[in-house]
Amino acid sequence: MEIQWPLLIFSVLLGVTSGCFVFLGVGELKGKFRDVRFAGALVAFVCLAVGGCVSVLHMGHPERATHLLGNLGSGLSKELFVVAIMGIVALIYLVLAKKDYPTASKVSGVLGAVLGLVLPFVAGASYLIAARPAWDSIALPLMFLGGGLAMGMTLMCGLVLLR
């Protein structure tokens, strides 16, 4: 089986987004990291947008991505909806990070953190395929979650250190 580069890139960028938002959400709850929240939210939003665009290339024909809406029970459809919801929350948080609305920033930050925990798990679960026994394990979504948290939080720690 050859490497599916669009899926690999999508998975990495999705993980970065998730980890960044978990970090930002914890920062909002603790009242910390105000000086890096805009930069972190911008990185997370760009990673999610680029990853989403790249993931469409996996289909061979980008117009096939619209077929996901016809099968709402599939793992890829669930992944698409969670990515869309995360994109909306990320955009809202990005706007609020520039302004000074502490309650709204906290709510959207915590919502982003929750989605940051859900998104890699949903993405990993979409690859649970009985025909691939090595993939058909709860360990796969947990690896997506762990890898994403590590990548995103490492990036955010780097931003904190740079500030």
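A residue counts as buried when its relative accessible area is under 20%, as exposed when that area is over 50%, and as partly exposed in between, using a 1.4 Å probe and protein chains only. By that scale Arg34, with a relative accessible area of 47%, is partly exposed, while buried residues make up 41% of the 163 residues in the protein. The model is predicted, so local features need pLDDT of at least 70 and side-chain atom pairs count only at pLDDT 80 or more, although totals for chains, interfaces and linings use all residues. Residues are numbered from 1 along each chain as its sequence is written, and side-chain values use heavy atoms, with hydrogens and water left out.

**Overall fold and confidence**

- The secondary structure comes to five helices and zero strands, where helices (H or I, at least four residues) and strands (E, at least two) are DSSP runs numbered from the N terminus.
- Read from the N terminus on, the elements follow the order α-α-α-α-α.
- The mean pLDDT, which is the predictor's confidence in each residue on a scale from 0 to 100, is 86 for the protein, and 89% of its residues reach 70 or more.
- Of the contacts (heavy atoms within 4.5 Å) between residues at least 6 apart in sequence, 72% join residues at least 24 apart.

**The salt bridge**

- Side chains of opposite charge can pair when their charged atoms come close.
- The structure holds one salt bridge, a term for a side-chain nitrogen of Lys or Arg within 4 Å of a carboxyl oxygen of Asp or Glu.
- Its partners are Arg37 and Glu28, whose closest N and O atoms are 2.9 Å apart.
- Arg37, which lies in helix α2 (residues 37–56), is buried with a relative accessible area of 4%, and Glu28 also counts as buried, at 8% relative accessibility.
- Leaving aside neighbours within four places in sequence, Arg37 is in contact with several residues, including Leu24, Glu28, Tyr93 and Ser105.

- Most residues other than glycine have a negative phi.
- Phe33 has a positive phi of about 65 degrees although it is not a glycine.
- Phe33 lies in the loop between α1 (5–30) and α2, and is partly exposed, with a relative accessible area of 29%.
- Arg34 also has its place in the loop between α1 and α2, and its C-alpha atom is separated by 9.8 Å from that of Lys98, a residue 64 residues apart from Arg34 along the chain.

**The packing of α1 and α4**

- The axes of α1 and helix α4 (residues 102–125) come within 7 Å and cross at roughly 145 degrees, where axes are lines fitted to C-alpha atoms, for helices over the stretch in contact, and angles run from 0 to 180 degrees between N-to-C directions.
- This crossing of α1 and α4 is left-handed, a word used if the near helix is turned anticlockwise from the far one by less than a right angle, whereas clockwise would be right-handed.
- Residues of α1, among them Leu14, Ser18, Phe21 and Glu28, meet residues of α4 that include Ser105, Gly109, Gly116 and Pro120.
- Ser18, found in helix α1, counts as buried at 1% relative accessibility, and beyond its neighbours within four places in sequence it is in contact with Gly116, Leu119 and Pro120.
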